[in-house]
Amino acid sequence: MHISSPGKRTITSIRPVFDREKPKMYIETYGCQMNVNDSEVVAAIMQKAGYAVTKDIGEANLILVNTCSVRDNAEQRIWGRLEYFRQEKKKRPDVSVGVIGCMAERLKESLLENNIVDIVIGPDAYRDLPKLVEKTESGQKGINVLLSREETYSDISPVRLDKTGVTAFISIMRGCNNVCAFCVVPYTRGGERSRNPETVIRELKELSANGYKEVTLLGQNVDSYSWDSVYFADLLAMVAEAAPDMRVRFSTSHPKDMTDNVLKIMAKYDNICNCIHLPVQSGSTAILQKMNRKYTREEYLLRIETIRKIIPDCAISTDIIAGFCGETQKDHEDTLSLMKEAGYDFAYMFKYSERPNTRAARQFRDDVPEEIKIKRLTEIIDLQSELSLTSHKKDLDSIVEVLVEDISKRSENDLCGRTSQNKMVIFPKENCNIGDLVKIKITDCTQATLKGILI
Ligand code: SF4
């Protein structure tokens with residue numbers, strides 16, 4: 001049974017402009033959701049400067065890569081892409097290449113030394129991009145990596161680059177004031193600043209008017225959102241009320257900052273999805289202290305208990321790092337036992353990768369041997385596979401509400417979408433459309449997806 005259908009979506013000013021006459025910008029995005037949203041802000045800035053967005057690198061006058069520095073292999077991938085862009089420049093020497101985002105902020109001028117990159121621009125300097133592009137037209141290189149205490153791009157309506165027009169991101173804050181020992185973000189994105197709630201609501205209403213059905217509020221640490229006397233729980237309520245027909249999600253929460261008020265607001269509004277991403281990073285209090293996470297194992301588990309009490313059907317996901325500096329076998333076992341206690345529905349799991357100039361790089365030795373890191377990570381991934389399968393099995397035979405997001409990658413005859421708990425569901429297309437909210441009976445599952453039929 002269909003619960004609602006969006007009808008014809010009127011997608012107007014905030015879609016990309018594809019225009020044969022204008023110079024063209026191609027943008028590739030790596031890393032987190034914040035970067036995805038930043039690329040949309042950059043597209044809006046360049047569209048205003050007269051550029052059209054293209055998905056064909058071969059016709060672009062300007063190639064941008066929005067980068068991530070969070071792990072070494074993320075940066076290695078970008079170096080690989082830069083070599084590919086070198087070939088494009090050989091074919092068409094008038095093309096400009098820009099590196100933007102976290103890697104630009106971290107490596108600064110050094111990125112200009114390779115005869116590939118013309119522009120380097122950090123996360124707080126995107127408004128300067130048209131000026132720097134103009135500079136490259138006279139053969140010069142351009143760089144701006146100044147961090148700001150105020151910039152939130154709150155007056156810019158991002159050009160939505162995704163193709164389906166169902167889900168979108170709104171950044172509610174930028175930067176981070178925590179100094180987790182492993183993390184490069186405070187150095188690449190600067191200090192924390194929140195965005196005026198009125199501008200958040202304005203952007204939300206634009207999305208709603210353009211047919212979007214779900215919004216994810218983004219921040220490095222949404223729980224420390226603060227604008228005058230508006231805190232994150234207040235903002236969440238404002239958003240839920242301003243767009244009652246849209247689903248609302250948010251990311252990322254910090255276990256030390258998440259309040260009961262946020263949980264109560266989630267429980268109060270049906271359109272706020274029942275899922276929380278609550279990065280734990282380690283199950284050992286000793287390692288959490290070294291990581292400067294500012295909570296203990298017990299405090300974290302108490303947060304989980306409170307979430308389950310206030311929102312009984314809330315899905316919980318997490319981030320875990322295997323093999324942080326000084327991690328013993330016992331610390332690792334603490335992580336495994338915490339995972340079981342928390343019963344995560346989903347997790348992002350990585351082995352520790354030292355990032356230059358972070359607190360960990362300055363204070364600790366990256367002393368867990370690579371083969372041990374890999375072994376521990378494998379155990380963590382194997383355990384999470386079991387936990388995810390257990391979580392999905394609980395949904396068998398139940399009826400769930402799914403927002404249809406796209407055609408399934410595996411079959412054109414199937415659609416895919418997510419439940420409130422952020423679980424991916426695949427089901428035969430029948431007469432549903434992308435953007436519909438439908439009821440699906442779950443008939444089968446794997447650890448990665450639920451499968452079902454429309455009812
Ligand atoms: S909260 Fe910690 S892990 Fe998250 S962005 Fe800030 S410093 Fe990095």
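Select glutamate 40 and arginine 160 to begin: both are buried, buried meaning under 20% relative accessible area, with exposed over 50% and partly exposed in between (1.4 Å probe, protein chains only). Their side chains meet in a salt bridge, with 3.1 Å from N to O. The term salt bridge stands for a side-chain nitrogen of Lys or Arg within 4 Å of a carboxyl oxygen of Asp or Glu. The pair links distant parts of the chain, 120 residues apart: glutamate 40 is in helix α1 (residues 33-48), and arginine 160 is in the loop between β7 (142-144) and β8 (167-171). Helices (H or I, at least four residues) and strands (E, at least two) are DSSP runs, numbered from the N terminus.

This is a predicted model, in which local features need pLDDT of at least 70 and side-chain atom pairs count only at pLDDT 80 or more, while totals for chains, interfaces and linings use all residues. Residues are numbered from 1 along each chain as its sequence is written, and side-chain values use heavy atoms, with hydrogens and water left out.

Next, select arginine 127 and aspartate 155, a salt bridge whose closest N and O atoms are 2.8 Å apart. Arginine 127 sits in the loop between β6 (119-121) and α4 (129-137) and aspartate 155 in the loop between β7 and β8, so this pair ties together parts 28 residues apart in sequence. Arginine 127 counts as partly exposed because its relative accessibility is 38%.

Move to aspartate 395 and lysine 423, whose side chains form a salt bridge of 2.7 Å, N to O. Aspartate 395 is in the loop between α13 (370-393) and β18 (399-407) and lysine 423 in the loop between β19 (414-418) and β20 (424-428), so the pair ties together parts that are 28 residues apart in sequence. Aspartate 395 and lysine 423 are both buried.

Now select Asp38, Asp124, Arg174, Arg189 and Arg193, which are linked in a network of salt bridges. Within this group, arginine 193 belongs to strand β10 (residues 193-194). Arginine 193 counts as buried because its relative accessibility is 5%.

**The ligand**

Show the residues around the ligand: Cys176, Asn178, Cys180, Phe182, Cys183, Val185, Pro186, Gln220, His254 and Arg293. A residue is near a molecule if one of its heavy atoms lies within 4 Å of it. This shell divides into six nonpolar, three polar and one charged. Here Ala, Val, Leu, Ile, Met, Phe, Trp, Tyr, Cys and Pro count as nonpolar, Asp, Glu, Lys and Arg as charged, and the others, Gly among them, as polar.

**Domains**

Color the chain by domain: domain 1 (24-144), domain 2 (160-271), domain 3 (274-394) and domain 4 (399-454). These bounds come from an automatic or database domain assignment. The C-alpha centres of domain 1 and domain 4 are 36 Å apart.

**Two last stops**

Select methionine 103 in helix α3 (residues 102-107). Methionine 103 counts as buried because its relative accessibility is 0%. The C-alpha atoms of methionine 103 and alanine 74 are separated by 9.5 Å, and the two residues are 29 residues apart along the chain.

Finish at isoleucine 453 in strand β22 (residues 450-454). Isoleucine 453 counts as partly exposed because its relative accessibility is 38%.
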